[in-house]
Amino acid sequence: VAPNIYYLGYAGVVRFRGLRIGGISGIFKSHDYRKGSHFECPPYNQQTIRSAYHVRNIEVFKLKQLKRPIDIFMSHDWPRSIYHYGNKKQLLKMKSFFRQEVESNTLGSPAASELLQHLKPTYWFSAHLHVKFAAFMQHQANSKEELPKATKFLALDKCLPHRDFLQIIDIEHDPSAGDSLEYDAEWIAVLKATNSLVNVTQSSWNMPENNGLHAKWDYSATEEAIKEVLEELNHNLKIPCNFTLTAACYDPSKPQKQVVPVHTINPQTTEFCAQFGLTDINDRIQQAKEESSVRGECEDEEEEEEMDSTGSAEEPSEYNTDNSGLSSINPDEIMLDEEGGDEDLSTCSVDPSPDHPPDFSASFSDIRIMPDSMAVSSDDTMDSTNEELEKSGVSKQVEEKSLNERPLKRIGGDENGNSAIKIKRRNQAIYAAEDEDKTE
């Protein structure tokens, strides 16, 4: 299906046919917009399996250093407030349980909203809410000389029969450009500038900002830094086709009922980091694990030799292993063992208290709340973006199969708290028979 894969990273920007395409991975959690880097790796325990896919402030910080225009941006979560710029009435008709969060403006990701306001991409594509929705958002110009920009937002439904999960969109590009992915020089320069901010501990910290506490807070790429990247690559930005399999392909004749994930170093990432002198997070995490394991063995030996001692032979670890900050019960979590039903509540967050309405001025920067002058489509009519995006048509699959299987199911962990993860292939035979849905 995909013989050559390029890993964009936790956040990243690449070029294709002259278009700048960026994205950020992870899901935003209102109480766990983690202030730090990534530290989780397989085998996961009950805490890390819930935090591994959360958005980190360092990724948002890196993307906000970009100054040049972005054509396409992708995220899993919807940017918060985007629902005010599309057919909100139709959205709430299809997903009525969004109403309270939409009315309180708590649906979606504030982190994505920050990026939407900063990057102002021409197109923004998201997933997550399992419904098709288009919106058109007009941005304010920063100055009288600047032309106002607009973002066309589109989210699609689940990839299931009779659902709006596919739409073809034609985007203006450079027809003379090559047909391979290319590095983005500005993004590489930002990665180099922010490399010192990366660590793999569980410690939380704030990103540098202009508040008098940081000597440096602007990590955007200068023209000189971008030029250095281009010279370093000899002006050849083509990304090599270096995808390498690190796991055995699925073999239906040899099903594995229980698979315990292991931490694997990605050769593609290793090569990328080595080429540009960047910290390989996966490699750093592996080193931390090995060092922690060695310390653990030494401590065990010391404890055996000092059985009569009332003191502890354990020394403070260089790596913080305190998981107390990661709640094992997350009320707005996407449950890994949830059913893939039609009306799942996977995106619902904690309801705001009626006695304390959300203070948007405090949680958003002064450009996050859109003024009335911005174009907001009527609740009674489909917005202009819906019409424009649908000009090219929607292609749908018609096959169907029972949805009783679960995508991921957590099963009993071992005595150390490490969970074994059962992975079931959902809808594996969804394309096997066209008429199967008629018989159900």
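Reader: How many bridges join S2 to strand S3, and do they run parallel or antiparallel?

Author: Please bear in mind that this is a predicted model. Strands of a sheet pair through backbone hydrogen bonds, either parallel or antiparallel. Here S2 and strand S3 (residues 72–75) run parallel and are joined by four bridges. Within this pairing, Gly23 stands opposite Met74 in S3.

Reader: In which sense do S1 and S2 pair?

Author: S1 and S2 pair in the antiparallel sense, over six bridges. One of the facing positions is Val14, whose bridge partner in S2 is Ile21.

Reader: In what order do the strands of the open sheet stand?

Author: The order is S5-S6-S4-S3-S2-S1-S7, seven strands in an open sheet with mixed pairing. Strand S5 (133–138) and S7 are at the edges, and each has a single partner strand, so one side of each is left without a neighbour in the sheet. The partner of S5 is strand S6 (residues 150–155), to which six bridges join S5 in an antiparallel run. Ala135 stands opposite Phe153 in S6.

Reader: Which residues of S2 point one way, and which the other way?

Author: Leu19, Ile21 and Gly23 point one way from S2, while Arg20, Gly22 and Ile24 point the other way. Both groups are buried.

Reader: How is one to read the cover of a helix, and how many residues of H6 are buried?

Author: The reading is again made residue by residue. H6 is mostly covered, for eight of its 10 residues are buried. Among them are Trp187, Ile188, Val190 and Leu191. The buried residues of H6 pack against strand S1 (11–16), strand S2 (19–24), H2, strand S7 (182–183), H7 and H8.

Reader: How many residues has the largest nonpolar core, and which have the most contacts inside it?

Author: In soluble globular proteins, nonpolar side chains tend to be buried together. In this model the largest nonpolar core has 55 residues, and Leu63 and Trp78 are those with the most contacts inside it. H6 gives the most to this core, with six residues. Setting aside neighbours within four places in sequence, Leu63 is in contact with Ala11, Val13, Gly23, Ile24, Phe73, Leu115, His118, Leu119 and Trp187. Another core, of 10 residues, lies apart from the largest one and includes Cys41, Leu197, Ile281 and Ile285.

Reader: How many aromatic pairs does the count come to?

Author: A pair of aromatic rings is described by the distance of the centres and the angle of the planes. The count comes to 10 aromatic pairs. In one of them, the rings of Phe61 and Tyr219 have centres 5.7 Å apart and planes at 70°; planes over 60 degrees apart count as edge-to-face, so this pair is edge-to-face. Phe61 lies in helix H2 (residues 57–63), and Tyr219 in the loop between helix H6 (185–194) and helix H7 (223–232), so the pair ties together parts that are 158 residues apart in sequence.

Reader: Are Phe61 and Tyr219 buried or exposed?

Author: Phe61 counts as buried, at 10% relative accessibility. Tyr219 counts as buried too, at 8% relative accessibility. A further pair, Tyr123 and Phe125, is stacked, with 5.9 Å centre to centre and 25° between the planes. Of its members, Tyr123 is buried at 8% relative accessibility, whereas Phe125 is partly exposed at 21%. Trp78, Phe133 and Phe153 form one aromatic cluster.

Reader: Which charged end sits over the ring of Tyr219?

Author: The charged end of Lys216 does, 4.5 Å from the centre of the ring.

Reader: Where is the place of His263?

Author: His263 is in the loop between H7 and helix H8 (267–276). At 15% relative accessibility, His263 counts as buried. The side chains of His263 and Gln286 are joined by a polar contact of 2.8 Å. Leaving aside neighbours within four places in sequence, the residues in contact with His263 are Cys41, Pro42, Asn282, Ile285, Gln286 and Lys289.

Notes:
Residues numbered from 1 in each chain as written. Predicted model: local features only at pLDDT ≥ 70, side-chain atom pairs only at ≥ 80, totals over all residues. Heavy atoms only, no water. Phe/Tyr/Trp six-rings, centres within 6.5 Å; stacked < 30°, edge-to-face > 60°. Helix = DSSP H or I, 4+ residues; strand = E, 2+ residues; numbered from the N terminus. Buried < 20%, exposed > 50% of the residue type's maximum accessible area, 1.4 Å probe, protein only. Lys NZ or Arg CZ within 6 Å of the ring centre and 35° of its normal. Polar contact = N/O pair within 3.5 Å; in protein donor to acceptor, adjacent residues only side chain to side chain. Contact = heavy atoms within 4.5 Å. Core = buried A, V, L, I, M, F, W, Y, C linked by side-chain atoms within 4.5 Å. Pairing = 2+ DSSP bridges.
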